[in-house]
Structures are given as structure tokens and as C-alpha cells.
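Take a moment to look over the sequence and the 3D structure below. We will then walk through it together, from the surface to the inside.

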Amino acid sequence: MDVRRVDHEWRRWIAENLLLESSPAVLLQTMVDNGISPEEAGRELEAAINSPYLAGAARLRNRLKKRTWPLDIQRKLNSLDSRTHEVPRRHQISGDAFFKEFYALNRPVIITGMMDDWPALSRWHFGYLRERFGEREVEVQFGRNQDANYEVNQPKHKRNMRFADYVDLVQNSGQTNDFYMTANNSGRNKEALAELWDDVVQLPSYLDGKPGNGFFWFGPRGTRTPFHHDLTNNFMAQVMGRKRIRLVPAVELGQIYNDLHCYTPVDGADIDYQRFPLMRDAQILDVELAPGEILFLPVGCWHYVEGLSPSITMSFTNFRWDNDFSSFYDSYHGV
């Protein structure tokens, strides 16, 4: 059997796992099981353990542990506060009350009764969309079923087509996640479907009231948006159909296996607790959003979204209050 040598990739693996406080004996056995001789594996482990570079990194690790302590405090307080055990529904809550009770406290809420004056609630059905905008060319994500990382790779899945053809697909294709018109397509579609925004009232109690804001989401039953967090506070306003949303508060960052930018390999549809055991301790809130309801997604809150029927959602980020959290965020690569 060929004996493998320890290269820089193995050395990075050793350093990372030592900083995660894995047992050196376990690391040694893993290296041997992967074809590295016991002698070389032992030498590399000893060199890493005695390295001043690793000692410096360990000091930084301990500082980061202290920074995560407040998150664990808030997680414990959440478990003690019955108000955080479910997502409340509030009917026509005022802007000031919404800000004090939810926006400033980073807590989700479903708001009802604030879309009653939207023409979209009665107009937006398959026939209207097909007849009014059918000849417009729109941009859609396609081929998602063939790509396990379809959300990360979404720029590769863009396709242009007649809106009438897309409406037919949504209406007739049954349950599928293979195609979806999302906020990532809005750059083109906001211009192509500009008159749709005439059917949307800009929620002046909460938003800045500027016309034309918002992102258009339209897809069949079965569309999925994998677990991720946004870099802003967000409104999801449900116009047609129903969606299931699974929420995990931002303070559960240490439990959700965040590995790249704002994503996690945890499957929100079917959490594998053997592969991701820390998720057993995470607070998970499940809600169902119906037409005319608005879900407030606090910044940093992890969420998985699934279409329970053909659906249209408008999302908004143009709040009346400060919503800039991305200017001091820089973890766009592996974390």
C-alpha cells in the first residue's frame, strides 16, 4: 500500500482540529487510517502542538469563545422566555409598536390585516398574469434539481423566457424545485413586469413608502430556499398560495454549522441530527404563511422556505429604520 505524505492540506486539517480541541490520539488514528505512517503522523502532530503559531491561534480562539458567551446567554434567556417559543401573530400592529417589540429586539412576527388594500391580492392569478404580461421576457432560475448547491450557484441557472410560458409551467408542472423566479432575478424582472408594482401598497407604517421597492418571488409547489440568513431585516408579504418557513434565531449561530457566507449544509426540510448533532439544541420555529400575511424576518435569522402550493411572495428591505448591517459584515468566504 502506498504511504501518503502529510501536505499543507493535512497540516491545515491538523491545526483546525487541534483548535477545535479534538483529541490528538483521535487525530493520529485518523491520519494512520488514511494511509499516513504512524511515525510521520506523530511528528506532524507534535510539531503542531508545540508550534508558537498554533499557540497564538489558540489565544485568538479563547477570545472568540468569550465573544460567543453572550450568544449563549441570549440562547438560555430565549429558552426561559415563553414569548420566544413561537412566532406571534399581530393584527394591524402600529409602526411604533412593531419597532419596539420586534424590529429593535430582533424577533420575528407575522402581521395580519395590513395587505387588505393591495389590488394584488385579488388580481394576481394565473389568467391575469398570463394575459397582462404574457409577452414580456423574464429571467428565471432553471436546472436547480441537478445542482445540490443551486442557491450558491444561482448565477449559473439563469434563463430568459416568455412570461406566459413560465406561468404555464408554474400552473401545470405539479410539485418541483427545478425552476423558480426569485429576488436574484429581480434586476431584469422589475423592469419587465413594472406594472405589477402598481398593485402593491408600500406599507407606509413600516417601510419608507418609495414606490417600486420590493422583490418578486413566483414559483410552483415544492420550491425551496435552503437555510440561510439575510444581511438585512426583511419582510415576506404573501400574495398567492402558502409557504412553510422554518426559522432559527441568529443567536443559534454556533448550532447551525455555518460553513460559507450565509449558508449551512443543514437541510431545513429534513434535518440530519446524526450528522449535525448540535442542531438538537437549536431553537426551531415553524410557521405557515397565508395570503395577506406578512412575516418579519429579523436580520441574521436563519430561515428555510418551502412552497406548499403555487405561490407569489413580495419581499421588502426598505424599512423606515436603520437597516444597514452589511457594511460591517465581511464573512463572504469559508467560515
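## A guided look at the model

Trp-69, Ile-73, Leu-77 and Leu-80 make a nonpolar surface patch of about 430 Å². Patch members have over 30% relative accessible area and no salt bridge; like charges are joined within 9 Å, and nonpolar side chains (Val, Leu, Ile, Met, Phe, Trp, Tyr) within 5 Å. Areas come from the Shrake-Rupley method with a 1.4 Å probe, and for residues only the protein chains shown count as cover. Trp-69 belongs to helix 4 (residues 52–80).

Before going on, please note that this is a predicted model, where local features need pLDDT of at least 70, side-chain atom pairs count only at pLDDT 80 or more, and totals for chains, interfaces and linings use all residues. Residues are numbered from 1 along each chain as its sequence is written, and side-chain values use heavy atoms, with hydrogens and water left out.

Strands (E, at least two residues) and helices (H or I, at least four) are DSSP runs numbered from the N terminus, and two strands pair if DSSP finds at least two bridges between them.

Which strands run antiparallel to strand 13? Strand 6 does, joined to strand 13 (residues 311–316) by five bridges, and strand 8 (residues 234–240) is also antiparallel to strand 13, again with five bridges. In strand 13, Ser-311 is the bridge partner of Gly-219, Thr-313 that of Trp-217, and Met-314 that of Ala-237.

Next come the rings. The whole structure holds 30 aromatic pairs; rings of Phe, Tyr and Trp (its six-membered ring) pair if their centres lie within 6.5 Å, and planes under 30 degrees apart count as stacked, over 60 as edge-to-face and the rest as tilted. Trp-124 and Phe-216 are an edge-to-face pair, 5.7 Å centre to centre with 85° between the planes. Trp-124 lies in the loop between helix 6 (120–123) and helix 7 (126–133) and Phe-216 in strand 6, so the pair ties together parts 92 residues apart in sequence. Trp-124 is buried at 3% relative accessible area, and Phe-216 is buried at 3% as well.

Finally, a search of the whole structure finds 20 salt bridges, each a side-chain nitrogen of Lys or Arg within 4 Å of a carboxyl oxygen of Asp or Glu. Among them are these:

| Salt bridge | N to O distance |
|---|---|
| Arg-5 and Glu-40 | 3.0 Å |
| Glu-101 and Arg-90 | 2.5 Å |
| Glu-135 and Arg-162 | 2.7 Å |

Arg-5 is exposed at 59% relative accessibility, whereas Glu-40 is buried at 6%. Glu-135 is exposed at 65%, and Arg-162 is partly exposed at 32%.

How values were computed: Buried < 20%, exposed > 50% of the residue type's maximum accessible area, 1.4 Å probe, protein only.
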